[in-house]
Structure formats: structure tokens, C-alpha cells
Amino acid sequence: MTKKKMLAFILILLAFVVSFLILNRDRIFEKKNNMPFQISVITRGKSTESWTTIKQGIDQAAKDMNVEVSFVTLSTENNSQEQISLMQREITNGANAIVIAPANSTDLKQPIEKARKSIPVITMQSTIDTIKDLPYISCDNYQLGSALAEKIVADKNTDGRIVILRNSMNCSNIHQRYMGVISVLGTVSKNIEYWDIPDDPQEAYDTAKGRLQNQKAATLIALDGATLEAVGKAERDLMKSGTQVEIYGLGRTNTVVSLLESQVIKSIGVENEYNLGYLSIQSAVDNINKKSNGSNTKINFAIVDHTNMYSSDNQRLLFPFVQ
Amino acid sequence: MHDKIRSIIDKSKHFLQKRSLQFTISITFTAVAVIGMVIVGVSLSMRFISSSEKMASASSTRMVDQVNFNLDTYLRNMLRISDSMYYRVIKNADLATDNISGDMSLLYETNRDLLISIGVFSSSGKVIAAEPLTQLKSSSGAVNQDWFINASRKIENCHFSTPHVQNLFVDPDNKYRWVVSLSRSVELTNAGSIAHGVLLVDMNFSGIEQICKNVDLGESGYIYLIDGNGEIIYHPRQQLIYSNLAHENNTVAAQYDDGNHQETFEGQQRLVTVKTAGYTGWKIIAVTPTTDITSDYYQIKIFALFFIFFAIFLLIFVNMFLSSRIANPIKELEHSVKDIEKGKLSDVDISVSSSGSYEVQHLSKTIRSMVNQLRNLMDDIVVEQESKRKSELDALQSQINPHFLYNTLDSIIWMIENERYEGAVTMVTALARLFRISLSKGKNLITVADELEHVRNYLTIQKIRYKNKFCYDITAEPGVLECATIKLIVQPLVENAIYHGMEFMSGDGEINIKAYQKENDLFIDIIDNGLGMPQEQADALLLEETSKERGKGSGIGLKNVMERIQLYFGNEYGLAIYSEPDEGTTARIHLPMKTLEQLDLGKEDSTK
């Protein structure tokens, strides 16, 4: 056995070992690659029931895409300062992406721009229009608002005094909904008023109740679920005393649904919140993997009243499938 | 076909015959090993693939059977609840007098984990009894719901609905639950008269979910449940499907028969196992993506390939090693034999190797002894030949032709009788010298000077005998006189010149003998101006055996002279004859330019 042959033998053996390692790198290095992404979801309010369906979607997506989601809620509704500090905390804690429902389009602009430099930021429900190319998962809120308004027109509830309940108007989605509603109702009614409803549910309930008692209104329009629930409850409690107001609104909670069923609320517009949660995580993962297609995903929505709420499509939208 | 195979075999045989033993051994071993490895690898991996496919489908079938069994048990429980309610409670009660709520409550309480609600409805949709909630929603309209319609339409059957949100009773907690409804038509006795009603058992959907959820079907396999129309009853990603984010091939699957199917859905190959559950007509469908089964194949194929290559590599190496171990001694032996072929007998002793296996060792030993024997034989032959030649030469040399001696002595007598004593003395002296040099103490090699002296004496005698019919001249360059020559090689040539050149000549003959050096070689020319002959005849002289005309000359032929020169000094030396008719003949002896001492030293060296 010459030295050359021995050398060739060892070289080929080494080549085999190396190729063996390359072939099995998946198995050997798998654990590293499979480290789940950390994604933080920051809501724009307290942990309320209105987030359950979104959270279900988020959880399903987390399971499907092997993501660890930390779901962060605020101590008070629409607290943009708290949102900013929480976002910074999550980034420091090593989140790979942030999914956020900005409480305020102006306050959060800079922090989000800053955060985007290090990790992907996805906005859900509301967004910040002034930031270019910010991924945004939501239904078309303008369409949602105008669809609800068209329902009001179709129900012929435009003759009396129309009151739009304003809350969280700094959120882009609420604003868009408002614009949608106005775009339709503005042309058919001159009699539109605005009530400002506070963020806190109890305060909102009280305010709505007081207003309903004192100021007669024919049609109420709530632009988000919490306000709708507050005003619906107030109306339910006042119905015995004989107030008669048609309530329309956007968003859902179980109470809202039951009020819809008992026809306290006339009609509601709901977006597919489950999809909202699912797709926001999916988009975050895509952004982390740099696979983002750039376009903002639009979620489907439906306008539901008590007659069609148990149709097979609508019941899937209204009643989260608990699994 | 047969011929083709034959020709291939022949070709490969031919090919291998040209190659070395080592090559043949390693190539055949390797080919056999590779074929073996490939066959083993391929058959094993095929076996593995088919068995794992079988295992996958078997495990799907087993899982589906298990789920079917559980589901069947679950649904039978539901049916039993419904049956108990109907046959034990409703049948035995007259609604006008009896209250069935207590029994219903008991039944509900014992099965509350499985149930959402139990209710008995009149044909108009009014609640007769219900648990746990009793107040119907104003908007519910039981008669319009599918379960009520189905029960009323086919009164002999029990009906299972697809999952839906229960919306019958007022719930103070505003809870909306997904349920699967089991409804049947019942006969209600009211004050003796019989009316139709509907018994509704709402099963908790999570009961079904529990059965299907924790089924292990590999990495991404799962089980889902559809009804006879393909409507999804349970799916692990039900909400996603309801939200249009995921899709399922349920409508197609509804058409499948029980058993295993392969389908491609959304670009994914999947193994689908279908089982129709008894009574409900629901189908349990287990989905295993083929990639789940085959993801391992890729790895295993790669591993198999890798190991095959690795084994082949090792085998090639081992084969090379082994074949070199086998072939190298044979090769060495072959080299030795080649050397023997070339005649290097003397070197062989060192190079006939004795390494390798026993057989080769034996072979080399035999060859060695054979070579030794051969060498001894050859040596013997050489010695024999040499001694033979030597004795022959000796005999030749000692052959001073008696005729010549007689003639010479006769001439001497004749001279003495005529009182020409001087001439007689000259002749006797020359004869005596001639003999002395002829003998030269038995030496074969003498100096050129002696040889020329010998010739001179011979010519002296002959000149007298031939009555001065010719004259001669002997010249030698001084440098050549001390050089060695074989004795008695000039004299036969001179003799030839006299007998063939002078005897029949009319005029005076001339014989010139010249010894000179040319290009480091020694030449002795014997030139006569005799009759001469054609060149062909002259050339033939060198090939002729000893002259037949014995008696006249010394009897030593030209060929003999030539052989002797070549025997002593090699084939590059020898004798040449140039002749032309009527012009004369030149015989040229060509010898190496060496003194006696030099030759002696050379001989000593070679014997050493």
C-alpha cells in the first residue's frame, strides 16, 4: 500500500464523512432551525370578550406556523402611551415581530417607524396611514361602514334623528367606518348628530343611558363593538320605559349577538375576526421570512340582522367555534 | 439475444485477458460487490417502502376503526338516551296528567357531560318539557329548524344534524353553543289521544371533537367527519374552513367508498381512508399526506445510497488491497521470468521473489531451482563447447601438414645433395623457427611480431621451394608489433595466396603483408597480385568448411580463421576478403588493438 493510495483513501473517507454530515445537517441542525418565532400581539384595549375570536385565530395560526405568541393587553382602553411602552418592552424581550392594533394614528407613528427598523410590524384592525408600506390586516372598513349605512337606508330608518356614537376616533379603522357611514347617510339625511362615548364600558353605558333618556334619537350608529354593547345594554334597560330607537352597529360580542337576537339591536356589521387574528400572524411570519407580498389583506365581513343570523354562513361568523 | 450475450461475454473475456491479474481480480470482485450491494439496497428499500406504505394505510385503517368504534359508542349512548327518554318516559306518560320533567331532569343530570339540552316539542313547535333551560326564544321557531323538519318528515328514523349553534332557549349568560342535534318523531299521549311530537337531544359538540381530535396519524395526518352529503361535522381546522382560510376535499370524499384512496388535493398527494359510521351515514375520513409517509423515504433513500456507495468504496479498496496482495508476488515472479526470457540468468537469483501465498512461494522456489539447474547446464555446455573447440583448435594448430613437411625436407635434401648448404641451412633454420612459433609454449595468443616472424619463415621456405617464383614483402607499423593476435591466422591466408594466387601465374608473383593501425583497431592485410576471383566467390570462401584440397596447405580454412578471431574477440572482428579476377586478392584481418598484458588483465577481470 503506497502512501499515495493511503492518502487517497483517507481523503475519500473524509469526503464521505463530510457528505454524510451535509446530508444529515437537517437532523443535526434541525433544532436550531425550528426555534419558534416570538410574535407579540398588542391590543388596543383591555382583555375583553371582543378579542376572544381574534385570539382564537391567533392561536390557530400560532399552532399551524409554530409560533410563540404573547398576547399583550392594555390596562385601559386606547392607551397609546402604554402601547408604545409595551411595544418597546416586547422588542427588548426579543420578539421577532409585533402585531399591533394602534390605538392612535398620530402617537404611534414614530414608535412604529422606529420599531420597523429592527423587526417587522404588522397592524391589525386599525393602521397608521401615514407610514408607507405598513402591513395592515383588516376588512375594508370604509366598505363596512357604507354597507351598514346602506342597510339603514334599506330599512328606511333615515327619516328621524340619526346619531353616530363616536369613540376611539383616532383609530384609523373607526375613522374609516365613520367615513363609510357618512358617505351614504350624508346624502340621504341632514339630521345627523354625534355623541361622544367614553372608553370605559361602565362610563359608556352610563353616558349612553343618560343621552338616550334625555335626547330622543331615531337611529343610533355605533362604530365599534364595545360602544355597541354599551348602547345596546342601555337601550335594553330603557325599553321598559318606552324608548324606541333603532340601533345599528359594527363589531360583535356575545352580548351584542344576544341583543341582536332579541332585536334590541337592529342590525350589525361584523368582520371575520377569526381570520383577522389568523392572517395577522400569518402576515407576521411571512414578513419575518421576507416573503411578504406587500399587499394588505382584506378580511370579509357581513351585515347581519336577527332574521339571517342563524344562516350557516352567518352563524360561523357570529359564533366562534370553540375547539 | 443469445448471440448478443455470448458476444458480450466474449468481448469481456477478451478484454480481461489483456488486463493484468490484479485488474481482473479487483474489477470482478468490485463488479460482483456492486451488483450485490445494489440488489440488496434496492430490494431492502423497496421492501421498506412497500411495507411502510402498508403500515401507513394499516395504521390509518386502524385509527379509523378506532374512531368509528368510539363514535359508534358515543352515538349509541345518545341513541340510548333518546330511547330511554322515549320508551321509558314519554311512552309511559299521559301528558295531561303526568309531568315528565322530573324523569327528563334525571336523565339530563346523569349525562350532562354529553348533553347540552333535551327537549320534547309538540308538532306545532311548543316546548312540552325541556332540560336544563325551558324558556324558548321568541325568535327561535323550532318548526323551521332542520332537525324538526327531518324528524317530522321521516318519523320512523332518528336524525343526526350537522353542527349548528343552538338557538332554542333563552340563556341568561348569552352563551351560544355548537351542538349536533339528534331528533326523532315521538308519539305523545295527551289525555288518551295520541299526537306526534319531536324529541330533541342536543349533543355537546366537544364530545365528538374529543373522539376525533386526539388521533395520532403521523406528523400532519388528521381525521375529519362528514355527513352523507359531504357537510363537515368535525374537522380539526373547522373554523379555518368555515372562514375560508383552509379547504377540505369533503364534497369529493363524500363519494368515496369505504377503504383506502389516493387523492390529490390542492397539489398535495394524500392517502385517504374512509369509513362509513353505522346508522348515521357519517363518514370518518383519515387523511395522511403522502409526504408524511414518503418524507422518510427520501432520507432512507439517501442513506441507502450513501451506505451503498460507502460499502462499494470500502470494497473497492479492500479488493485493491487483496488483489495487490495476490497479484503482486505473481507479478514479481512474472518480471523475474521475463528477465530469464531476456537471458539474464545470472541476475535472476536475486530477483526471483519468494513472497506471497504458499502457492506462489512454491512456484517461485521451483522456478529458482529450475533456473539454477538451467544455469548449471548452460555453464556446463559452455565449458564443454569451449573445451571441444579448444581441442579442435589444438588439433588444427598441431596439424602442420605432413605433405608440407615432407616437401620442405625433400627440398632441404635436394639442396644438400647439390651442395647448396647455405640454402639448406636457411631452410632448416626457417623450419625450426616455424615450429617454435607454431608451438609457442601452447599459448594461443602471441604478439604480431611473432606472428609476422612465423609468416616470414614460412615464406622463406616456400620461396625456396617455389624457386623464387614470387617475391614478398612484410611491413608493420612499429606500434602494432607488440599487439596481440591469435597465432597461426596469417599463415593460412599466405598459404592460400601462394597456392591459389601464385602457382598458376605466369609472371612474378608478389605477396605483401601489412600490419597497421586504423581507428584504434589492428589490421593485417595479405595482398597478392594473383589470379583473383569474383567477389561472390571470395565471400563464399568465408563460409566454406575446411579446404577439401588437403595435403597442399596447412589445412586451416578461412572460415576457421574467422571463427577463431570472433571466438576470441567478438563478432565485430574477423576476416574480410576483397578480390577481383586478374587483379589479385586482399585478405584483411581485423583485430582489437590490445597488447597481451591488456588481454590477460581483461580475462582476469571477467573471471573475477
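Buried residues have under 20% relative accessible area, exposed residues over 50%, and partly exposed residues lie in between (1.4 Å probe, protein chains only). By this definition B:Arg456, at 33% relative accessibility, counts as partly exposed. The model is predicted: local features need pLDDT of at least 70, side-chain atom pairs count only at pLDDT 80 or more, and totals for chains, interfaces and linings use all residues. Residues are numbered from 1 along each chain as its sequence is written, chains are lettered from A and ligands numbered from 1 in the order in which they are written, and side-chain values use heavy atoms, with hydrogens and water left out.

**Surroundings of B:Arg456**

- B:Arg456 belongs to helix α13 (residues 448-465) of chain B; helices (H or I, at least four residues) and strands (E, at least two) are DSSP runs, numbered from the N terminus.
- Leaving aside residues up to four places away in sequence, B:Arg456 touches B:Tyr472 and B:Ile474, where contact means heavy atoms within 4.5 Å.
- B:Ala430 is 26 residues from B:Arg456 in sequence, with a C-alpha to C-alpha distance of 8.4 Å.

**Salt bridges**

- Over all chains, the structure holds 23 salt bridges, each a side-chain nitrogen of Lys or Arg within 4 Å of a carboxyl oxygen of Asp or Glu.
- B:Arg456 pairs with B:Glu453, their closest N and O atoms being 3.7 Å apart.
- Because B:Glu453 and B:Arg456 are three residues apart in helix α13 of chain B, about one helical turn separates them.
- B:Glu453 is partly exposed, with a relative accessible area of 24%.
- A network of salt bridges that share partners joins A:Lys151, A:Asp155 and A:Asp305.
- In chain A, A:Glu271 forms a salt bridge with A:Arg177, at 3.2 Å between the closest N and O atoms.
- This pair links distant parts of the chain, 94 residues apart: A:Glu271 lies in strand β10 (residues 265-271) and A:Arg177 in helix α7 (residues 172-188) of chain A.
- Both A:Glu271 and A:Arg177 are buried.

**Largest pocket**

- The largest pocket contains about 1100 Å³ of space; a pocket is an open set of points on a 1 Å grid over the protein atoms alone, where a 1.4 Å probe fits, with protein on both sides within 12 Å along at least five of seven lines.
- Its volume is the space filled by probe spheres set on the points, which are joined across faces, edges and corners.
- The lining comprises 36 residues, and A:Gln60, A:Asp64, B:Tyr222, B:Pro236 and B:Arg237 lie nearest the centre of the pocket; lining residues have an atom within 4 Å of a point.
- Helix α3(A) supplies the largest share of this lining, six residues.
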